[in-house]
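Thanks for making time this morning. I would like to walk you through one model slowly, so please have the sequence and the picture in view while I talk.

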Amino acid sequence: MVSASPFIEFRDVSVAYSRDVTGLDHLSLQIQRGEFTFFTGPTGAGKSTLLKVLTREVHHTDGEVRLGGQNLNDFRDSNVHKLRRQMGIVPQNYELLPTKRVWENLAYALRSVGKSRKEVRDEVPRILQQVNIAHRIDAYPHQLSGGEQQRVVIGRALINKPPLLIADEPTGNLDPSQSIEIMELLLGLNSEGMTVLIASHDMPVVERFAKRTVRLEHGRILAEEDRA
Amino acid sequence: MHRVSFLIAEAAVASRRNLTMTFAAITTVAVSLFLLGGIAYLFRVTDQATAMVAAKFEMRVYALPGTTNPQISEMAKAMRQLDGVASVYWIPRDKAWAKERKKYPPEVTENVENPLPDAFKVVMSDLQKSAAVAGKIKQIPHVDTKEGVQYLDAEERFVDQARSLLRWVGTGIGSLLLLVGGVLIYNAIRLSVFSRRRKARIMMLVGASRLTVRVPYLIEGTAQGLIGGLGGACILAAAHTAVASKMLALSSLGRPMPFPWMEALVGLGLVGAVYGLVCSYVAILLPMKG
């Protein structure tokens, strides 16, 4: 049986930050469209580096990375925004604008990708509804709980309606109940067909939501388990 | 259009945030462009002024003794063809001697043979060409090559040296100030970049194009340069008005030229805008790499 070509493929990928510091070490990995995958491992294992290679925040120094059949090396620096519009990125720290309200945070992101004011007016309520934070539309980030802030960040990652969501430690700063809420939100997005990649060292969450788990260490895959 | 309004709004927000630095950059560019523009303007004014006074400067050219009338006609014709010469008048030696004799009692000049040669009065249209014209006249046949060409060489050299000194000192100070203005624009933009790095990161994360991320900073720098340039033009106009009113009070200096508003605004505004654009581009090169 011939399997469909993977949505994401790492072929013998290495990232060397310097001669002695390695982010990824000849890593090979395939992820199918619609998969939900956890990347776990200790600090410095290469989880964030792996995700940043996909978002092109880090350049791989060796090997080949493909997303939807496209080689990431084909994207020149001036065209990286086209790649990033194919994915939603949830960064490790929320990166919300503290002086802007919830809706303004989303509006700012939408305006910066070229949406008109009318489009912003239509899109913001829809996205906030999607991530269940519409009731806090006028709140400032500091008035929100960690879980609510993370919902806004996830909402912001959805503005381009991407087929892929990449989240770096999305539950890292949250208490257990908020972590579960966020994970359920991400599972909901996955059930709608979105491919979700999560870097996490929150093992209780990873154990609770039995999905494909790739354990990294020293930039290599140490173990892989698919409990989906 | 909505994209342009977003980018301009972003640049305006950034300028407001670094108000002190923005003000410093704009005023320094304004003063430096005022100095440079002022020097250019002063040169234009003095060029026109020297062209006007050139008519008052004249050369005396003496022919060798024994030059015949046809030869004198040829000499006049050759001098009129020279670049920088406005007109040439022949002063016959007899007429000159008759005029000269009137200055003295008759007994002094009686029985004295006319010592004067035939001469020409050469009126210049361009003072700066006096030396070249004098050199060429000396090559015309029948011109007394030793002391046959006389003009106010020293005075012209003084005017020229004064203009040259003014040019170097003014350009030096103006350039230095322009450099300081550029550094201030650079710093203002760097501050903007650092104070808005979260915004820039968000833009990059959601897929804003490189141009969208960078253009607000370029608009900010260009606007600072443009406003500085226009400010420089206004200071220049104010200086012109002050000088012009003094000139009107002293009627002997003649009527001042009208201030070239359009040229000053467009010229200095354009120079300021381009300079601001270049400085802001340099400022974002490193922190926004990638």
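**Chain B, the cores and a helix pair**

Let me begin with chain B, where buried residues make up 34% of the 290 residues, and please keep in mind throughout that this is a predicted model. Chain B has 10 helices and four strands, and if you read along its sequence, they follow the pattern α-α-β-α-β-α-α-β-α-β-α-α-α-α. Among the contacts in chain B between residues at least 6 apart in sequence, 86% join residues at least 24 apart.

In soluble globular proteins, nonpolar side chains tend to be buried together. The largest nonpolar core here has 66 residues, and those that touch the most other members are A:F39, A:V90, A:L106, A:L165, A:I166, A:L186 and A:V196. Helix α3 of chain A, residues 102-112, gives this core its largest share, which is seven residues. Apart from that core lies another, of 38 residues, including B:L178, B:L184, B:A233 and B:I284.

Finally, how do helix α5 (residues 146-157) and helix α6 (residues 176-191) of chain A cross? Their axes come within 9 Å and cross at roughly 20°, and because angles under 35 degrees count as roughly parallel, α5(A) is roughly parallel to α6(A). The crossing of the two is right-handed. On the α5(A) side, A:G146, A:G147, A:Q150, A:R151 and A:I154 take part, and they meet A:Q178, A:E181, A:I182 and A:L185 in α6(A). By type, the residues of this contact divide into three nonpolar, four polar and two charged.

Methods: Residues are numbered from 1 along each chain as its sequence is written. Chains are lettered from A and ligands numbered from 1 in the order in which they are written. This is a predicted model: local features need pLDDT of at least 70, side-chain atom pairs count only at pLDDT 80 or more; totals for chains, interfaces and linings use all residues. A nonpolar core is a set of buried Ala, Val, Leu, Ile, Met, Phe, Trp, Tyr and Cys residues joined through C-beta atoms within 7 Å. A residue is buried if 20 or more other C-beta atoms lie within 10 Å of its own, exposed if 12 or fewer, and partly exposed in between; C-beta atoms are placed from the backbone. Axes are lines fitted to C-alpha atoms, for helices over the stretch in contact, and angles run from 0 to 180 degrees between N-to-C directions. Angles under 35 degrees count as roughly parallel, over 145 as roughly antiparallel, 65 to 115 as roughly perpendicular and the rest as oblique. A crossing is left-handed if the near helix is turned anticlockwise from the far one by less than a right angle, and right-handed if clockwise. Two residues are in contact if their C-beta atoms, placed from the backbone, lie within 7 Å. Ala, Val, Leu, Ile, Met, Phe, Trp, Tyr, Cys and Pro count as nonpolar, Asp, Glu, Lys and Arg as charged, and the others, Gly among them, as polar.
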